[in-house]
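Please examine the sequence and the structure shown below before reading on.

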Amino acid sequence: MKKGFTLIELLAVIIILAIVALIATPIILDVVEDARKSAAASEANMIVSGINTFCATAEMKAQIDSEYTDICADGVTTSEVPTMVNMGNATLEGNPTYTDGRVTAITVISNNYKVVMTGGVWADPTKSE
């Protein structure tokens, strides 16, 4: 008596595996997109937190040392932000709005997602063109 699998048994296993792969692929791709979206939102939040911390420190230094210039006093520009925080993979679109000692509006693009803060409130990340 021979041991082994028949061609029909092997084909049945291959068909079952193909069906499982077809079902699992969209689920896995959705998980990957959700992770990218979440990473973009997290990176944007860390950039804002870094700007706020940097500017608070600069303000304290200016109060202690009259020779120190608080670069945040007149607002924050897009070109100044990379000197304040590590931008990682992110870029800024336009200048952030810095009022009353905190960032109140900013647009960050990261992982092909645009994350927008307006009035201190984050909107859901949207796919960037």
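Cys55 and Cys72 are both buried, where buried means under 20% relative accessible area, exposed over 50% and partly exposed in between (1.4 Å probe, protein chains only). The model is a predicted one, in which local features need pLDDT of at least 70, side-chain atom pairs count only at pLDDT 80 or more, and totals for chains, interfaces and linings use all residues. Residues are numbered from 1 along each chain as its sequence is written, and side-chain values use heavy atoms, with hydrogens and water left out.

The confidence of the predictor in each residue is given as pLDDT, from 0 to 100. For the protein, the mean pLDDT is 90, and 99% of the residues reach 70 or more. Helices (H or I, at least four residues) and strands (E, at least two) are DSSP runs, numbered from the N terminus.

| Strand | Residues | Mean pLDDT |
|---|---|---|
| β2 (lowest) | 97-99 | 90 |
| β4 (highest) | 113-118 | 95 |

A disulfide, counted when a pair of cysteine sulfur atoms lies within 2.5 Å, joins Cys55 to Cys72, with an S to S distance of 2.0 Å. Cys55 belongs to helix α1 (residues 7-64) and Cys72 to the loop between α1 and α2 (81-84), so the pair ties together parts that are 17 residues apart in sequence. The link of Cys55 and Cys72 is left-handed, with -70° about the S-S bond.

Ser110 is found in strand β3 (residues 102-110). Ser110 is buried, with a relative accessible area of 1%. Apart from its neighbours within four places in sequence, Ser110 is in contact (heavy atoms within 4.5 Å) with Ala40, Glu43 and Ala90.
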